[in-house]
Amino acid sequence: MRQAADSFSRRTKEELARRFPARECCARAELAAIIHATGSLHFQGSHRLVLSVESENIFLLRKAFRLLKDFFQVRTEAYIKETECLGRRRRYSLYLRGKERVKKVLVACGIMTRRFELEGGINPSLVRNDCCRAAFLRGVFLGRGSITDPQKKDYHLELVTENEDFAYGLVYLMDLCGFKAGLNVNRRKDSFVVYLKDADAIGRFLSFVRAYTAYLRLEETRVIKGMRERVNRLVNCETANLEKTLRAAWKQVEIISDFTGKEGLDALPEKLREAALLRLENPEASLRELGKMAVPPVSKSTMNYRMRRVLKIAKNFTGEKEIFSSEGNRNNG
Ligand SMILES: [Zn+2]
């Protein structure tokens, strides 16, 4: 279950990692979002400032690396490190070292002021244009987003963050882009979850951030799911009718067999005897089918009438109580 959800999420992110912004404004917005979502600042050795971006997805780091190189002309140093936790996936880290370099990127990305203060929320200058809003949301999804496999019953897309200001900023930004997102506080994990649950909205989000393949896959699955639900409803309905017919027919066979065992069949008028024999020979046939087998053929309602009379006589004869089950006019044979 979890694997399937992961793989759709993962494929969506791989697709997004391949989309490179054409404009510098969008590159800045996307890189800012990636750093906001997955970056952290720390000192190393003799007060050397380090910005690290950490993720399970190597393609996200490759993208961040290329954005830094192409748009900020800074050299980064990336290496893979395994997590210490057993059973968890490998994590990858990208490092940018040196106070001046780190500051240059963070100030340009609107994450840090020139006085070295960090911004918690989303800097409005990053998301003025529609193109940049899409790039920003793409970056956040790449860093901390996930989407449930559309094959599953419920649709769900979420963005997770530990920063409250950032969470409210995301809800506001989503709203600006036409998405009514929900916000959940996960107290246990100390995190905020911005989510979409409506399949239409999720589809629009995927297409907005340019995950076109994922969007098509979602829509295709929705169509197939809708069709399957309709077919299932029809089949269930047919099956229920068929079961009723069969249950009633077998009940008739049981009663009539009991009756013939007591040699009552000869006592029946000819037409009724024919009906009883047809039922015994064709336990699974509908009344309409039995009617067609009669000589001369009769309608379903005539056969129904004859069968009821047979059963009534049989009941009197054998003392059987419950003989009329649901077979009546309900099924169409
Ligand atoms: Zn832009």
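Leucine 60, leaving aside its neighbours within four places in sequence, is in contact with Lys13, Ala17, Ile34, Ser55, Leu142 and Gly143. Please keep in mind that this is a predicted model. Leucine 60 lies in helix H3, residues 58-72. Is leucine 60 buried or exposed? It has 24 C-beta neighbours inside 10 Å, and it therefore counts as buried.

Let us now consider helix H3 itself. H3 has 15 residues, and from its first C-alpha to its last it reaches 20 Å, close to the 21 Å expected at 1.5 Å a residue. Which residues of H3 are buried? They are Leu60, Leu61, Lys63, Ala64, Leu67 and Leu68. These residues lie on the same side of H3, because they cover an arc of only 160° around the axis. The face of H3 turned away from the buried side carries the exposed residues Lys69 and Asp70. Just after H3, glutamine 73 takes a positive phi of about 45°.

In soluble globular proteins, nonpolar side chains tend to be buried together. In this model, the largest nonpolar core has 58 residues, and those touching the most other members are Ala29, Leu31, Ala32, Ile34, Ala64 and Phe136. Helix H2, residues 24-38, supplies the largest share of this core, 9 residues. Alanine 29, not counting residues up to four places away in sequence, touches Leu126, Val127, Cys132, Ala135 and Phe136. There is also a second, separate core of 16 residues, which includes Ile255, Ala276, Leu287 and Ala314.

The next topic is the sheet. Strands of a sheet pair through backbone hydrogen bonds, either parallel or antiparallel. Here, 4 strands form an open sheet in the order E5-E6-E8-E7, and the pairing is antiparallel. Which strands stand at the edges? They are E5 (145-147) and E7 (182-186); each has a single partner strand, so one side of each is left without a neighbour in the sheet. From one strand to the next, the twist averages 25°. E7 and E8 (residues 191-196) run antiparallel and are joined by 5 bridges. Within this region, asparagine 184 stands opposite valine 193 in E8.

Helices also pack on this sheet. Helix H5, residues 130-144, touches E5 and strand E6 (157-161), and its direction makes about 80° with that of E6. Helix H7, residues 199-208, touches E5, E6 and E8, and its direction makes about 100° with that of E8.

Most residues other than glycine have a negative phi, and most peptide bonds are trans. Aspartate 190, although not a glycine, has a positive phi of about 60°. It is found in the loop between E7 and E8. Aspartate 190 is exposed, because 8 other C-beta atoms lie within 10 Å, and the cut-off for exposed is 12 or fewer. Arginine 210 also has a positive phi, near 75°, and its place is in the loop between H7 and helix H8 (212-261). With 17 C-beta neighbours inside 10 Å, arginine 210 counts as partly exposed. Last, the peptide bond from valine 295 to proline 296 is cis, with omega near -10°. Proline 296 lies in the loop between helix H10 (287-293) and helix H11 (300-318).

Note on methods
Residues are numbered from 1 along each chain as its sequence is written. This is a predicted model: local features need pLDDT of at least 70, side-chain atom pairs count only at pLDDT 80 or more; totals for chains, interfaces and linings use all residues. A nonpolar core is a set of buried Ala, Val, Leu, Ile, Met, Phe, Trp, Tyr and Cys residues joined through C-beta atoms within 7 Å. A residue is buried if 20 or more other C-beta atoms lie within 10 Å of its own, exposed if 12 or fewer, and partly exposed in between; C-beta atoms are placed from the backbone. Helices (H or I, at least four residues) and strands (E, at least two) are DSSP runs, numbered from the N terminus. Two residues are in contact if their C-beta atoms, placed from the backbone, lie within 7 Å. The expected span of a helix is 1.5 Å times one less than its number of residues. The arc is that of the directions from the helix axis to the C-beta atoms. Two strands pair if DSSP finds at least two bridges between them. Axes are lines fitted to C-alpha atoms, for helices over the stretch in contact, and angles run from 0 to 180 degrees between N-to-C directions.
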